[in-house]
Amino acid sequence: MGKGNPKQQQPSQNESSINLKGTFISVMLLGIFILIAWFGLYALFLSR
Amino acid sequence: MHLHKYEKIWLTLGLGSLALFLLIIGFAAFWKGTHPQSHIETIDPQNVEAYEAFKPENLGVREVADGKYIVNMVASAFNYDFGTDIDEKAVKTIRIPKDSTVLYQITSKDVVHGFQVAGTNVNMMVEPGHISRYETVMKNTGTFTVVCNEYCGVGHHQMYGTVEVYE
């Protein structure tokens, strides 16, 4: 029992310690691209 | 369920934009009355002349008030009928002064056509049995080509006209 618990907890401990900084930056870059596309098209609509 | 702090941030942004767009659609549809160009107004495609706006003598540009114009047109394979000029010749160019409000009204006699004034926001589908309308302010001068952007048959590429916005 004492040996089994730490083994079961190990995956969740690994998950929380994963470094997601790179993923976060990529997702935010994609988000910025989408926002620029939206506002760019809206500006095009208003100017025509 | 455990979520990483970063995951919470991008999920919130994603769900937030979804909610925002639903609100915008609701606002446009219910408060501002935005609808598709064809307001479910029907017409007999075999007899479009029976409708006042599409009588042969009413086709083309008409000034209804100061700075307000109505353009009535009938699309058919493979032509836009903009009416006739004084010499009974078919009009191919619609001339409109800059900054005027123009209501485009068009219907089809046969198949589905498109009506796009390339380079402006005027872009409609023209369906037989329906009347498509689009009101806009022509704020940029220039010569704009009207194109059919719905494939309507072998002569599809020959179906075009011109809108000229002058100073």
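Is E88(B) buried or exposed? E88(B) turns out to be exposed, with 6 other C-beta atoms within 10 Å; a residue is called exposed at 12 or fewer such neighbours, buried at 20 or more and partly exposed in between, with C-beta atoms placed from the backbone. E88(B) is found in the loop between β4 and β5 of chain B, and its phi is positive, about 65°, although the residue is not a glycine. Strands here are DSSP runs (E, at least two residues) and helices likewise (H or I, at least four), numbered from the N terminus.

A word on the model itself. This is a predicted model, in which local features need pLDDT of at least 70 and side-chain atom pairs count only at pLDDT 80 or more, while totals for chains, interfaces and linings use all residues. Residues are numbered from 1 along each chain as its sequence is written, and chains are lettered from A and ligands numbered from 1 in the order in which they are written.

D99(B) also has a positive phi, near 65°, without being a glycine. D99(B) sits in the loop between β5 and β6 of chain B and counts as partly exposed, with 13 C-beta neighbours inside 10 Å. Another backbone detail is the cis peptide bond from A77(B) to F78(B), with omega near 0°; F78(B) lies in the loop between β3 and β4 (79-81) of chain B.

Next comes the sheet. Five strands of chain B form an open sheet with mixed pairing, in the order β5-β11-β10-β7-β8, where two strands pair if DSSP finds at least two bridges between them. At the edges are β5 (93-97) and β8 (123-126), each pairing on one side only. Strands β7 (residues 113-117) and β10 (residues 142-147) of chain B run antiparallel and are joined by two bridges.

The largest nonpolar core holds 27 residues, and A75(B), Y80(B), I106(B) and F115(B) are among the members that touch the most others. Such a core is a set of buried Ala, Val, Leu, Ile, Met, Phe, Trp, Tyr and Cys residues joined through C-beta atoms within 7 Å. β3(B) gives the most to this core, with four residues.

Over residues 9-31 the chain is 100% helix, with end C-alpha atoms 32 Å apart. Nine residues of chain B are in contact (C-beta atoms within 7 Å) with nine residues of chain A.

Definitions and conventions:
Two residues are in contact if their C-beta atoms, placed from the backbone, lie within 7 Å.
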